[in-house]
Structure formats: structure tokens, C-alpha cells
Amino acid sequence: MPVAMQSKLIISDTSCFITLSNIGELDLLRLLYKQIVTTPEVAEEFGESLPEWVEIIAVSDKAKQELLEMQVDKGEASAIALALESENSFLIIDDNKARKLAHNLRLDVTGTIGVIVAAKQKGIISRVKPVLQKIKETNFRISAELELQALLQANE
């Protein structure tokens, strides 16, 4: 893995943990990024113990987090606030409103589907389509456009 990627702090919101856990693919995060960071709020929203390779870090600037909570939910706000505090972060967040907010704050963002495409590009999984099919069987919504983009990026 290139040094540049290792130096990024990978921060995940709840939805990625829940979605990958629901389809039995939570380990994709560890295989792809080695270490993931999240906040106590996200860990609480997840509702069960996160794997030991997920480090839980509290946001230092609670006032900033509270301001963000006026626009998005507590978990998303904490993940965005932690990303803002971290010099070189990469945020995994799915909620459309939270993604727009993170983009407006100039954060580097992807979503669960982006993680799956990256896993295929790195050779961790052989195909994206079966994983997307498992996700569609859960309550995670994937638009036809997003599914098509993911399959095109994965050359499927």
C-alpha cells in the first residue's frame, strides 16, 4: 500500500458499518484500509461491538460538532467534525445531505458503494455486482444510476 494512502485517516459513519455488517462483508473495510476510525456517537448508533481494528476517537471541538448536528444527525455530525479536525482524512458517509455538507467543507468523501468498488479495484473482491445484489436485499437504497456508475467503475 502506498505511503500516501496509509497516512490518510479513514473515518466511517454508521451506515457503512451497518450495511457491510448486514451482508457479512464488514471485513472489507479492514482489508481495504487496515484501520478505520470512528466516533463514540457512531459506535453507539451501530449498536453492537465494533471489531478491534476500528479505533474510536472523540471529537475535540464539541461546539463544531453541535453546529453540524443542526444540519445532520449526531453520528454524521461527529464523523464530519472528526474529519475536519484531522489534517489528512477520508470520510465514508452515505447520507446525501451529509455528503453535500462534507463536500462543501472540502472533505474527501466516499460512500459504501465507493468502498465496494475500491475493494474490487484493489483485488480484494472479484466482482461488485454480487455484493450490490446483497446490499439491495437490505434496507439500503441504491439508485439505478449509482448502481450503473459502480458497475462501470468496476468494469462490469
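**Close-up 1. Arg-106 sits in the loop between α7 (96–104) and β5.** In this predicted model, look at the backbone of Arg-106: its phi is positive, about 65 degrees, although Arg-106 is not a glycine. Most residues other than glycine have a negative phi. Is Arg-106 buried or exposed? Arg-106 is exposed, with a relative accessible area of 74%.

**Close-up 2. Helix α8 is largely enclosed by the rest of the structure, because 8 of its 10 residues are buried.** To find them, start with Thr-112 and Ile-113, then go on to Val-115, Ile-116, Val-117, Ala-118, Ala-119 and Lys-120. What do the buried residues of α8 pack against? Their neighbours are the helices α2, α3, α9 and α10 together with the strands β4 and β5 (109–110). Gln-121 also belongs to α8, but Gln-121 is exposed, with a relative accessible area of 54%. Just after the helix comes Gly-123, whose phi is positive at about 80 degrees.

**Close-up 3. Helices α8 and α9 pack at an angle of about 155 degrees, with their axes 10 Å apart.** Angles over 145 degrees count as roughly antiparallel, and that makes α8 roughly antiparallel to α9. The crossing of the pair is right-handed. Which residues meet here? From α8 come Thr-112, Ile-113 and Ile-116, and from α9 come Val-131, Leu-132 and Ile-135. Sorted by class, this contact has 5 nonpolar residues, 1 polar residue and no charged ones.

**Close-up 4. Helix α9 (residues 129–136) also meets helix α10 (residues 144–153), and their axes come within 10 Å.** These two axes cross at roughly 160 degrees, so α9 and α10 are roughly antiparallel to each other. Their crossing is right-handed. On the α9 side, look for Lys-129, Leu-132 and Lys-136; on the α10 side, look for Glu-147, Ala-150 and Leu-151. The residues of this contact divide into 3 nonpolar, no polar and 3 charged.

**Close-up 5. Helices α2 and α8 cross at roughly 60 degrees, and their axes come within 9 Å.** That makes α2 oblique to α8. In this view, Ser-15, Cys-16, Thr-19 and Leu-20 of α2 meet Thr-112, Val-115 and Ile-116 of α8. How many residues of each class take part in the contact of α2 with α8? There are 4 nonpolar, 3 polar and no charged residues. Several residues of α2 are buried: Thr-14, Cys-16, Phe-17, Thr-19 and Leu-20. Just after α2, Gly-24 has a positive phi of about 75 degrees.

**Close-up 6. The largest nonpolar core has 35 residues.** Within this core, the residues with the most contacts are Phe-17, Leu-29, Tyr-33 and Ile-116. Which elements give two or more residues to this core? They are α2 (14–22), α3 (27–33), α4 (40–46), β4 (89–92), α8 (112–121), α9 and α10. The largest share, 6 residues, comes from α8. A second, separate core of 18 residues includes Ile-80, Leu-91, Ala-98 and Leu-107. In soluble globular proteins, nonpolar side chains tend to be buried together.

**Close-up 7. Asn-155 lies in the segment after α10.** Its phi is near 60 degrees, a positive value in a residue other than glycine. At 71% relative accessibility, Asn-155 counts as exposed. How many residues apart along the chain are Gln-121 and Asn-155? They are 34 residues apart, and their C-alpha atoms are separated by 9.3 Å.

**Close-up 8. Glu-156 is found in the segment after α10.** With a relative accessible area of 33%, Glu-156 is partly exposed. Which residues does Glu-156 touch, not counting those up to four places away in sequence? You can pick out Lys-120, Ser-126, Arg-127, Val-128, Lys-129 and Leu-151. Lys-129 is 27 residues from Glu-156 along the chain, and the C-alpha atoms of the two are separated by 7.6 Å. Two of these partners, Lys-129 and Leu-151, also take part in the contact between α9 and α10.

Key: Residues are numbered from 1 along each chain as its sequence is written. This is a predicted model: local features need pLDDT of at least 70, side-chain atom pairs count only at pLDDT 80 or more; totals for chains, interfaces and linings use all residues. Side-chain values use heavy atoms; hydrogens and water are left out. Axes are lines fitted to C-alpha atoms, for helices over the stretch in contact, and angles run from 0 to 180 degrees between N-to-C directions. Helices (H or I, at least four residues) and strands (E, at least two) are DSSP runs, numbered from the N terminus. Angles under 35 degrees count as roughly parallel, over 145 as roughly antiparallel, 65 to 115 as roughly perpendicular and the rest as oblique. A crossing is left-handed if the near helix is turned anticlockwise from the far one by less than a right angle, and right-handed if clockwise. Contact means heavy atoms within 4.5 Å. Ala, Val, Leu, Ile, Met, Phe, Trp, Tyr, Cys and Pro count as nonpolar, Asp, Glu, Lys and Arg as charged, and the others, Gly among them, as polar. A nonpolar core is a set of buried Ala, Val, Leu, Ile, Met, Phe, Trp, Tyr and Cys residues joined through side-chain atoms within 4.5 Å. Buried means under 20% relative accessible area, exposed over 50%, partly exposed in between (1.4 Å probe, protein chains only).
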